[in-house]
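Please read the following notes beside the sequence and the model.

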Amino acid sequence: MTDAITQKGFVIHPGFLDRPAQEALVARLREVLAVAPLFTPRTRRGPMSVRMSAAGTFGWYSDSRGYRYERRHPDGIDWPPIPEEVLAIWRGVSGCARLPECCLINWYGEGARMGLHRDEDEADFSCPVVSVSLGDDGLFRMGNVDRGGRTSSIWLKSGDVVVMGGDARLAFHGVDRIRFGSSTLLPKGGRINLTLRVV
Ligand code: AKG
């Protein structure tokens with residue numbers, strides 16, 4: 001692990017997880033996804049390119065009715081608990097006494113991206129959002145609390161952790177693209193991002 005970098009209030013911990021920790025986490029996530037399979041959320045503009053699932057009390061869900069947190073997976077089952085390995089990351093970087101209630105699991109295949117958005121569907125903004133990158137590199141764009149203005153970008157690598165707290169808690173951010181096949185962590189390529197939030 002190298003020293004944290006702060007850009008526009010986003011705190012980036014490069015290499016927070018070493019390779020064995022990344023492999024252990026992927027194994028745990030495979031167990032979660034066996035129970036709560038990835039699905040394709042839809043917005044009013046059509047299907048998202050990122051596939052999703054979740055662990056915790058709530059999962060984030062989007063369909064033609066809009067965005068919301070849901071207590072159940074679209075298949076009707078409860079979301080599995082957040083793995084202890086994931087909670088350990090939260091405890092290590094968040095500085096927040098509360099535990100996350102939602103661990104969103106984003107799966108980026110070749111060509112997937114996530115447009116600039118703010119995480120603003122939560123009732124409590126006092127804790128940061130913590131994001132964990134696994135697998136292929138992703139070009140992460142960091143913006144401002146209001147849409148527009150200058151943005152800054154960084155390639156997130158497998159094992160990197162980003163903390164969006166303080167001024168960055170409600171800042172726009174997104175993933176412009178991934179470098180498909182750039183990491184050997186996931187045998188078939190792709191990127192997993194975990195986003196931890198107090199809801
Ligand atoms: C989100 O889930 O809200 C994200 O912004 C994910 C960011 C990422 O994939 O690094």
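1. Helix 2 (residues 84-93) lies across strand 2, strand 8, strand 10, strand 13 (161-164) and strand 15, and runs at about 125 degrees to strand 10. Contact requires C-beta atoms, placed from the backbone, within 7 Å. Axes are lines fitted to C-alpha atoms, for helices over the stretch in contact, with angles from 0 to 180 degrees between N-to-C directions. Helices (H or I, at least four residues) and strands (E, at least two) are DSSP runs numbered from the N terminus.

2. On provenance: this is a predicted model, in which local features need pLDDT of at least 70, side-chain atom pairs count only at pLDDT 80 or more, and totals for chains, interfaces and linings use all residues. Residues are numbered from 1 along each chain as its sequence is written.

3. Helix 1 (residues 19-35) lies across strand 5, strand 8 (102-108), strand 10 (129-135) and strand 15 (191-197). Its angle to strand 10 is about 100 degrees.

4. Seven strands make up an open sheet, ordered 1-2-13-10-15-8-5, with antiparallel pairing; two strands pair if DSSP finds at least two bridges between them. Strand 1 (5-7) and strand 5 (51-56) are the edges, each with a single partner strand, so one side of each has no neighbour in the sheet. On average, neighbouring strands of this sheet are turned by 20 degrees against each other, direction ignored.

5. Strand 1 is joined to strand 2 (residues 10-13) by three bridges, and the two run antiparallel. Q7 has F10 in strand 2 as its bridge partner. K8 lies in the loop between these strands and has a positive phi of about 55 degrees although it is not a glycine. K8 counts as partly exposed because it has 16 C-beta neighbours inside 10 Å (buried means 20 or more other C-beta atoms within 10 Å of a residue's own, exposed 12 or fewer, partly exposed in between; C-beta atoms are placed from the backbone).

6. The chain as a whole has two helices and 15 strands. Buried residues are 39% of its 199 residues. Of the contacts between residues at least 6 apart in sequence, 75% join residues at least 24 apart.

Key: Two residues are in contact if their C-beta atoms, placed from the backbone, lie within 7 Å.
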